[in-house]
Amino acid sequence: MNGFAAIGECMIELSGANGDQWRMGFAGDTLNTTWYVRALADPDLAVDYVTAFGDDPFSVKQKAFLRDNGINTAHSPTIVGARPGLYAITLTGAERSFTYWRNDAAARQLADDADALAKSLEGRRIIYFSGITMGILSPKSRQTVLNAVSNARRHGSLIVFDANYRPRLWENAETAKQVLSNAFHVSDIALPTFPDENALFGDVTPADTAARLASYGVKEIVVKDGTEPALVVSGGVSTNVQAAKANAVDTTGAGDSFNGGYIAARLADLDPVAAAKRAHKVAARVVEFHGALAPMDEARKAFDA
């Protein structure tokens, strides 16, 4: 098994507001993680972002942006007449809020071609997806994704999942609980964020989250909790890993970059606790930049420090 693939939505990002001046880029939770895997993993590792694109000028720019940064797109379809979703970041201090325009985004059709999706995931050492990936899809497409990752898992891929619960994406909380629980059930590594799990499942502590996920059969669990320690559970051992200090200016992408750092470290065969330490360093550096995607070389310096 070789290579990494993530499934999700690449969006247009508007950030760095200065009056009415905005900077345009591309981002999205699983794309952000893919960016940091590409930055931190072996340069020879094949890295693919599996999504669906439109055929408009912004979609063309998306593809070029990914290609120019060493990220391939496997068998991702191009949907005639479709276009990307868009979001804008509003900051209050370093904390962010988001406004989205994504109802007709091309990525909502990423699982319409089940065969293409399956081909995109063949032979991967690690496959990553999130609750946002699932939330933007129709019920039928959600099942298609679960079938595809389950099949890849049976053929030797490790499946990594972050619930990344966003209430506005879901029909209701009960549907979200069911779909996200099903996704955890087919995962080998879970990278949840405690406030999200508390909001949806009512977990009182990170240990509660870890225990629930372990009951689903997940063998390796890292419960992120902002600037609080991450709880790493692997091989029956629980370890709290302290967060790294940062001079944060924008917390956009903090959890996504942690995930990318963790996955890259595990691809390099670091143990889970060592991987979490590296991931904290990456996230601490990323929040010192505006927008979700910090320069790859800066992420690499933090990872190697």
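The model is a predicted one.

Which residues of α2 are buried? They are Ser-59, Gln-62 and Leu-66. Viewed down the axis of α2, these buried residues fall within an arc of 50°, and they therefore line one face of the helix. The spacing follows a general rule: an α-helix has 3.6 residues a turn, so residues three or four places apart point the same way. The face of α2 turned away from the buried side carries exposed residues, namely Pro-57, Val-60, Arg-67 and Asp-68.

The surroundings of α2 complete this picture. At the start of the helix, a side-chain oxygen of Asp-56 comes to within 3.1 Å of the backbone nitrogen of Phe-58. After the helix comes Gly-70, whose phi is positive, near 75°. Setting aside neighbours within four places in sequence, Ser-59 is in contact with Phe-53, Gly-54, Arg-83 and Pro-84.

Ser-15 lies in strand β2, which comprises residues 11-18. With a relative accessibility of 1%, Ser-15 is likewise counted as buried. Apart from neighbours within four places in sequence, the contacts of Ser-15 are Trp-22, Arg-23, Ile-89 and Gly-291. Ser-15 and Arg-168 are separated by 153 residues in sequence, and their C-alpha atoms are 21 Å apart in space.

The buried residues of α6 are Ala-176, Val-179, Leu-180, Ser-181, Ala-183 and Phe-184. At the start of α6, a side-chain oxygen of Asn-172 lies within 3.2 Å of the backbone nitrogen of Glu-174.

The next topic is a group of strands. Strand β11, residues 230-234, is mostly covered, with four of its five residues buried. How does β11 pair with strand β10, and over how many bridges? Strand β10, residues 220-223, pairs with β11 in the antiparallel sense over four bridges. In one of these pairings, Val-223 has Leu-231 of β11 as its bridge partner. The two strands form a hairpin with six residues between them, and Gly-226 in the turn has a positive phi of about 60°. Strand β11 is also joined to strand β12, residues 237-241, by five bridges, and these strands run antiparallel. Here the bridge partner of Ala-230 is Val-241 in β12. β11 and β12 form a hairpin with two residues between them, and Gly-235 in its turn has a positive phi of about 60°.

The walk ends with the nonpolar cores. The largest has 49 residues, and those with the most contacts inside it are Phe-4, Tyr-36, Val-37, Leu-40, Phe-258, Tyr-262 and Ile-263. Beyond neighbours within four places in sequence, Phe-258 is in contact with several residues, including Val-222, Ala-230 and Ala-276. Apart from this core lies another, of 47 residues, among them Ala-111, Met-134, Leu-169 and Ala-183. Ala-183 is also one of the buried residues of α6.

Note on methods: Residues numbered from 1 in each chain as written. Predicted model: local features only at pLDDT ≥ 70, side-chain atom pairs only at ≥ 80, totals over all residues. Heavy atoms only, no water. Buried < 20%, exposed > 50% of the residue type's maximum accessible area, 1.4 Å probe, protein only. Arc of directions from axis to C-beta. Polar contact = N/O pair within 3.5 Å; in protein donor to acceptor, adjacent residues only side chain to side chain. Pairing = 2+ DSSP bridges. Core = buried A, V, L, I, M, F, W, Y, C linked by side-chain atoms within 4.5 Å. Contact = heavy atoms within 4.5 Å.
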